[in-house]
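My notes follow in the order in which I looked things up.

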Amino acid sequence: MKEKKRYMMILSRLMLTAAVVVISWQATVRSGVNLHVENGDKLLHFLAFAVLAVLVDFAFPKSRFGVFKIIPLILYGLAIEYVQSFLPSRSASLADLLVDIVGIGSYLVSIPMLQRLPLLQARWAV
């Protein structure tokens with residue numbers, strides 16, 4: 001079980017790094033991913049930060065998903081909005097930051113359910 005947990009941690013760290021690179025790039029290019037649905041931008045923010053929350057939690061399994069994981073994620077969302085305020089093709093949005101926080105919160109409230117999934121139990125194994 002310990003080896004599986006270590007493998008999951010390493011894989012999560014690699015995926016977290018890749019996700020931060022892709023999200024940062026998408027947040028700063030002129031024409032990032034665009035869903036052609038109503039509030040597609042908000043859906044992308046929600047999904048990005050829900051995935052980031054999962055990856056941060058799995059990448060650093062020795063601590064629970066709490067303030068020391070949530071605050072850096074919120075600060076990352078804030079940093080993205082700050083940078084976008086200086087880009088001519090982008091704009092900062094408090095609504096985007098709030099959706100980022102909702103995405104993080106969605107992972108937080110789903111943890112008890114996720115702990116029951118056999119595939120993910122190694123994350124919470126003692």
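**Entry 1: helix 1 against helix 2.** I began with this pair, which packs at an angle of about 145°, with the axes 8 Å apart. Axes here are lines fitted to C-alpha atoms, for helices over the stretch in contact, and angles run from 0 to 180 degrees between N-to-C directions. Helices are DSSP runs of H or I with at least four residues, strands are runs of E with at least two, and both are numbered from the N terminus. Helix 1 passes helix 2 in a left-handed crossing. A crossing is left-handed if the near helix is turned anticlockwise from the far one by less than a right angle, and right-handed if clockwise.

I then listed the contact residues: M8, M9, S12, R13, M15, L16, A19, V20 and I23 in helix 1 meet A48, L52, L55, V56, F58 and A59 in helix 2. By class, this contact has 13 nonpolar, 1 polar and 1 charged residues. Contact means heavy atoms within 4.5 Å. Ala, Val, Leu, Ile, Met, Phe, Trp, Tyr, Cys and Pro count as nonpolar, Asp, Glu, Lys and Arg as charged, and the others, Gly among them, as polar.

**Entry 2: what the model is.** This is a predicted model, in which local features need pLDDT of at least 70, side-chain atom pairs count only at pLDDT 80 or more, and totals for chains, interfaces and linings use all residues. Residues are numbered from 1 along each chain as its sequence is written, and side-chain values use heavy atoms, with hydrogens and water left out.

**Entry 3: the whole protein.** I found 5 helices and 0 strands. The C-alpha trace spans about 50 × 30 × 25 Å along its principal axes. Of the 126 residues, 37% are buried; buried means under 20% relative accessible area, exposed over 50%, and partly exposed in between (1.4 Å probe, protein chains only). Among contacts between residues at least 6 apart in sequence, 73% join residues at least 24 apart.

**Entry 4: helix 2 against helix 4.** Helix 2 (residues 40-59) and helix 4 (residues 94-114) pack at about 45°, with axes 7 Å apart. The two are therefore oblique to each other. For the cut-offs, angles under 35 degrees count as roughly parallel, over 145 as roughly antiparallel, 65 to 115 as roughly perpendicular and the rest as oblique. Helix 2 passes helix 4 in a right-handed crossing. By class, their contact has 12 nonpolar, 3 polar and 5 charged residues. Among the residues that meet are F46, F49 and D57 in helix 2, and V99, D100 and Y107 in helix 4.

**Entry 5: what covers helix 2.** Its buried residues include H45, F49, D57 and F58. The cover over the buried residues of helix 2 includes helix 1 (2-28), helix 3 (67-84), helix 4 and helix 5 (121-124).

Entry 6: Is M9 buried or exposed? M9, in helix 1, is buried, with a relative accessible area of 15%. Leaving aside neighbours within four places in sequence, M9 is in contact with F58, A59 and P61.

R123 lies in helix 5 and counts as buried at 5% relative accessibility. Not counting residues up to four places away in sequence, R123 touches residues including K5, M8, D57, F58 and K69. R123 and R6 are 117 residues apart in sequence and 9.3 Å apart in space, C-alpha to C-alpha.
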